[in-house]
Amino acid sequence: MEKSKFRVLIKHYFLRKKTITETNEKLDKYNGDSAPSISMVKKWFTEFRCGRTSTSDAERSGRPKEVITPEIVDKIHKMIMDDRRMKVRELAHAVGISTEQVHHILHEYLDMRKLSARWVPRLLTLDHKCNRVTTSKECLAMFRRNPDKFLRRFVTVNETWIHHNTPETKEQSKQWVSRGERGPKKAKQSLSANKVMATVFWDARGVIHIDYLEKGKTITGEYYSKLLDRFDVDLNQKRPHLAKKKVLFHQDNARVHTCLVPMAKIHELRYELLPHPAYSPDLAPCDYYLFPNLKKWLGGKRFESNEEVITETNAYFESLEKIYYLEGIKKLEKRWTKCIELKG
């Protein structure tokens, strides 16, 4: 029911000499949650006792709406286009109208809103965007020629840090609360200093090989080259169907992946290297799928040692169904397509 009709009912009960409590009970009985509050009933009883007869809103003081003219709207629009960071009060002062009217013009007439800049890992240059489009077209054409063959041959790899303590995400901390109840609070936590670097090789069937970097060591081209040898042993054991076919190998452009020693090893192992554009984690299955989901699972967990981290991480990957890995790889098609449509 509209608020004007409630006011008529309140006036009706007032004229029938009903009390505020009786009026409020009757409105609640017949209108439930939509009924006005008892404070609103008190307000209108006071108005009627003071001699008010109308139930309509009184005229408000202030500037009339006629102050909004096409000329003022155009002037505000031009000022915004010249400086998109202008404040509402600056616009109001320059045009000579209230800040409320400026808000009204911005939202209702110009359909504009003020947003903060979105954080991105890197602002891409025109060359980066062109390279992303070219590479996406090449990969997409390769995929569409024979999707099944592509998925059988495709293997991807990347590294990630796994911390002994990973705070739960904001999404994971959500709780159900009743209306009027205060939202939950939690103290801000940071990632623990103790951590293990995991290098994960996987395909559409699952994880093929995981390497956990020993404490005190760093990944170099030499280390990665030897890691490729260990991976190749597991690949031949777990994916014998690839023995007579070239592996379609995908990795990002990190220096340890693309320096001379590992590239020579990839050539020696006769892997076909799938191109990957620079600064493109959105086109790397590890970065947009496998690792984010791993970090969500780790959220809120606490480990006491590297061995415990390794055991739990291995158990997590083993618990996933084959279809999970297949779905992650298949998302590449849509991502390549989207990259092409958005021109990088």
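How far apart do the C-alpha centres of domain 1 and domain 2 lie? I looked that up first: the two centres are 41 Å apart.

**Ground rules.** I am working with a predicted model, where local features need pLDDT of at least 70 and side-chain atom pairs count only at pLDDT 80 or more, while totals for chains, interfaces and linings use all residues. Residues are numbered from 1 along each chain as its sequence is written, and side-chain values use heavy atoms, with hydrogens and water left out.

**Domains.** I noted domain 1 as 3-50, domain 2 as 70-109 and domain 3 as 126-169 + 191-342. These bounds come from an automatic or database domain assignment.

Helices (H or I, at least four residues) and strands (E, at least two) are DSSP runs, numbered from the N terminus.

Next I looked at helix α2 (residues 20-31) against helix α3 (residues 38-49): they pack at about 130°, with axes 10 Å apart. Axes are lines fitted to C-alpha atoms, for helices over the stretch in contact, and angles run from 0 to 180 degrees between N-to-C directions. The pair is therefore oblique; under 35 degrees counts as roughly parallel, over 145 as roughly antiparallel, 65 to 115 as roughly perpendicular and the rest as oblique. I logged the crossing as right-handed, that is, with the near helix turned clockwise from the far one by less than a right angle (left-handed if anticlockwise).

For contacts (heavy atoms within 4.5 Å), I see Ile-20, Thr-23, Asn-24 and Leu-27 of α2 meeting Ile-38, Val-41, Lys-42, Phe-45 and Arg-49 of α3. By class, that contact has 5 nonpolar, 2 polar and 2 charged residues. Ala, Val, Leu, Ile, Met, Phe, Trp, Tyr, Cys and Pro count as nonpolar, Asp, Glu, Lys and Arg as charged, and the others, Gly among them, as polar.

I then took helix α4 (residues 70-82) and helix α6 (residues 99-109), which pack at about 85° with axes 11 Å apart. That makes α4 roughly perpendicular to α6. Ile-72, Val-73, Ile-76 and Ile-80 in α4 meet Val-102, Ile-105, Leu-106 and Tyr-109 in α6. This contact has 8 nonpolar, no polar and no charged residues.

**Helices α7 and α14.** Last, I found that the axes of α7 (residues 126-145) and α14 (residues 322-341) come within 9 Å and cross at roughly 140°. That makes α7 oblique to α14, and the crossing is left-handed.
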